[in-house]
Structures are given as C-alpha cells and as structure tokens.
Amino acid sequence: MNALTFPILKQLSDGQFHSGEALAAQFDVTRVTVWNAIQYAQSLGVEIFSVRGRGYKLPSAIELLDKDTVLRTIGVQSEWIQLEVLDTVDSTNTYLLNAAANGAPHVSCVATHMQTGGRGRRGRNWVSELGASLTFSLLWRFDCGATALSGLSLAVGVGLIRALNELGVNAAQLKWPNDVLVNQKKLAGILIDLQGDMDGPSAAVIGVGINVNLSGNALKRIDQPAIDIQRVSEGHALNQSVLLGTVLKHFIDVLRDFEIHGFVSVRDEWLSHHAYQNQTVRMLMPDGRDVEGLVKGVADDGILLVETALGLQRFSAGEISLRAVSHER
Ligand code: ATP
Ligand code: BTN
C-alpha cells in the first residue's frame with residue numbers, strides 16, 4: 001500500500017479538481033510522489049481523471065463512512081459494538097477472522113472504504129468500489145457450536161431486509177441461503193465464516209457487501225445480474241453511515257433473538273421475503289449436475305426444501321447454488 005494514496009483520495013472525495021502542486025504542498029512531498037500515489041489508486045481500480053493544468057479529480061464526490069453517524073444511527077445498542085473503520089483492507093472478513101483468533105471482543109465490527117480482495121462463497125470474488133459500496137464484517141461470539149448455527153445466514157438476511165425496509169428499499173427479496181435480490185438482480189451478499197469447535201463455543205464473522213451506487217464499469221465486472229440501492233430507490237440518496245448503522249441495529253436485534261431461539265423465530269418472516277417460494281429453480285450440484293425442482297420453503301433450521309423428481313429433498317447451505325429458471329432460459 002502507498003501510504004499517501006488514501007490521504008489524497010480523502011482530499012479528492014469532494015469531487016473537485018486538486019492540482020498536483022497543491023496536493024504536494026499539502027502533504028509536503030514532491031509532485032512525483034503525488035503522481036505515484038495516484039497511480040497506485042488507479043492500479044486498485046479507482047477511477048481518477050488527470051487533466052493537464054487542472055490536476056486530479058474523482059468522477060464525482062464520494063461519501064466516506066463517519067463513525068459518529070454510524071454509532072448515532074445504531075442508538076442505545078451502540079454500546080454493544082466495537083466499531084473500526086479502515087481506509088482500505090483486502091477483505092474485512094479475513095481481517096476480522098484474524099482479529100477474532102487474537103481475542104477481538106464480541107461484538108466487533110470492521111468496515112472499510114475500499115476492499116481490494118473481497119470474497120464471496122467458495123473463493124468467488126466480491127466486486128466493490130470506493131464510495132459506491134458498503135463492505136463490512138461483524139464478529140458475534142456464540143456459546144453453542146457451529147453445528148447449531150445452520151440457519152444463521154438466513155437470520156442475518158432477515159436483519160438486512162428489515163434495515164433496507166426501514167430506509168425505504170421495499171422491493172428486496174431473499175434468495176436462499178443469503179443473497180438479497182431486487183427484480184432478480186443481486187443487491188447484497190452475505191458471507192459467514194465460522195471459527196471454533198463444532199460443539200462450542202464458536203465465533204461467526206458475518207460479512208456483508210451492499211451495492212450503493214456502482215459505476216457502469218463495476219456492474220460490467222460482475223458476472224451475474226446486479227443492482228444497487230441508487231437504482232432501486234429512484235435516485236433518493238442514501239447516506240452510507242446511516243445505512244451501516246441501520247443494518248447493525250437490526251443485526252443486533254436478530255442475532256440476540258437467534259442466540260436464544262435459533263432461526264425458527266424469524267422463519268416465517270424469511271419466507272415472506274423469499275424470492276423463489278413455490279417456484280421452479282435450477283440447482284447447481286457440487287458434482288456439476290444441474291437439477292430442477294420446485295422450492296417448497298425452508299425448515300426450522302434453515303435447510304432448503306425442494307420437490308425434485310426424487311421426492312422432497314433437503315439441502316444445506318454451501319451444498320448447492322440456486323438459479324431462477326425463468327431468468328436463464
Ligand atoms: P450462490 O450463493 O447461489 O452459490 P452466487 O453466484 O450468488 O451463488 P456467491 O458466492 O454467493 O455466489 O457470490 C459471489 C458472486 O456474486 C460472484 O461470483 C459474482 O457473480 C457476484 N458478485 C460479485 N460482486 C458482486 C456485487 N458487488 N454485486 C452483486 N453480485 C456480485
Ligand atoms: C456472497 O454473495 O457470496 C457474499 C459476498 C460477501 C461480500 C462481503 S463484503 C464484506 C465482507 N468481506 C469479504 O471479503 N466478503 C464479505
């Protein structure tokens with residue numbers, strides 16, 4: 001990492017031109033050093049205009065996370081949370097997993113302005129963009145073991161829907177096990193990494209990526225239909241710190257409930273937002289087979305129930321990937 005890159009990006013966050021000379025004077029470095037820092041940002045995928053005689057500029061102003069606004073939005077429950085905002089990190093999940101192994105407290109949260117190696121499930125990539133994506137992870141420690149957490153990612157999805165609804169995004173639906181879709185396009189993803197024994201205690205690192213206002217370039221880099229909040233909320237601007245605070249507030253509610261009752265307490269709510277309830281889907285099996293079935297719902301432990309040619313089958317998260325039949329054929 002170039003140590004000057006983020007301080008410069010913060011200066012550019014107003015969306016205005018800043019001359020190389022002014023930036024160099026401000027940070028007491030040479031113009032070449034400024035240029036190197038800009039080059040490094042560009043190598044990370046940040047789009048920066050460079051115009052002779054005027055300087056450097058981001059395509060538009062961006063909003064950076066403000067810790068106080070996040071905590072104020074969470075409200076009284078904020079005393080539960082240790083919040084850290086990083087300028088840049090490879091993956092907030094990887095970072096928090098390491099921190100958890102080194103004793104990070106229940107309930108730690110790490111958010112970042114720029115994630116450079118975001119992960120999805122099974123080694124897939126998560127695309128994010130400076131100022132245009134919310135990426136964060138939350139550490140929740142459980143007394144029970146990992147085997148009792150099978151419905152956790154679904155419960156977290158309910159928390160995400162509650163937060164989006166509170167902020168006026170009402171068309172969001174859940175795709176088992178834990179994607180958030182709007183009009184069958186992916187708006188947000190959840191990745192849960194578990195640490196600890198199968199019979200307890202355990203720690204869950206709950207990673208969330210939400211698309212806020214992605215550029216056309218970022219959308220092109222995603223190999224499935226994707227959408228962002230800006231595009232579904234008719235241009236109504238959403239403050240990212242308020243978004244993070246609202247999501248964390250609902251996560252705390254849902255996770256406290258989950259600790260006591262498990263997934264069953266939010267199962268009906270999950271089903272009420274289920275994108276594929278009673279619909280035919282295509283399931284991509286681990287052995288590469290493609291099986292069609294009618295989705296009947298989810299069980300009390302979050303297992304997916306699908307009627308296939310072989311009868312009613314049960315699938316755990318991680319076993320299969322779902323695809324809407326109508327969308328792909
Ligand atoms: P499933 O969860 O059903 O197995 P999935 O395709 O949603 O399938 P995930 O591992 O959950 O897979 O998510 C990673 C995938 O999400 C990537 O392979 C890519 O297709 C998509 N993706 C990556 N970045 C974004 C983004 N910012 N917005 C929406 N989708 C994205
Ligand atoms: C998915 O849909 O597969 C889950 C994507 C999860 C992405 C988030 S972004 C913050 C956190 N850090 C990561 O590396 N991944 C998750």
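Which strand gives the most to the shell around ligand 1? Strand β14, residues 321–324, does, with three residues. Strands here are DSSP runs of E of at least two residues, and helices are runs of H or I of at least four, both numbered from the N terminus.

This is a predicted model, in which local features need pLDDT of at least 70, side-chain atom pairs count only at pLDDT 80 or more, and totals for chains, interfaces and linings use all residues. Residues are numbered from 1 along each chain as its sequence is written, chains are lettered from A and ligands numbered from 1 in the order in which they are written, and side-chain values use heavy atoms, without hydrogens and water.

Start with ligand 1. Its surroundings comprise 17 residues, and the closest are Arg121, Val127, Lys186, Asp223 and Ser321. A residue counts as near if one of its heavy atoms lies within 4 Å. By class, this shell has five nonpolar, five polar and seven charged residues. Asp, Glu, Lys and Arg count as charged; Ala, Val, Leu, Ile, Met, Phe, Trp, Tyr, Cys and Pro as nonpolar; the others, Gly among them, as polar.

Now the polar contacts, which are pairs of N or O atoms within 3.5 Å. A polar side-chain atom of Asp223 lies 2.4 Å from an oxygen atom of ligand 1. The side chain of Arg121 places an N or O atom 2.8 Å from an oxygen atom of ligand 1. Val127 uses a backbone N or O atom, 2.8 Å from a nitrogen atom of the ligand. The protein covers 96% of the 610 Å² of accessible area that ligand 1 has on its own, by the Shrake-Rupley method with a 1.4 Å probe.

Turn to ligand 2. Here 20 residues form the surroundings, with Ser91, Thr92, Gln115, Arg119 and Lys186 the closest. The shell has five nonpolar, 11 polar and four charged residues. Helix or strand, α5 (92–101), β5 (133–142), β8 (185–196) and β9 (202–211) each supply at least two shell residues. β8 gives the most, with four.

Gln115 has a polar side-chain atom 3.0 Å from a nitrogen atom of ligand 2. A backbone N or O atom of Arg121 lies 3.1 Å from an oxygen atom of ligand 2. For the side chain of Asp179, an N or O atom is 3.5 Å from an oxygen atom of the ligand. The protein covers 97% of the 410 Å² of accessible area that ligand 2 has on its own.

Methods: A polar contact is a pair of N or O atoms within 3.5 Å; within protein, one must be able to donate a hydrogen and the other to accept it, and residues adjacent in sequence count only if both atoms are side-chain atoms.
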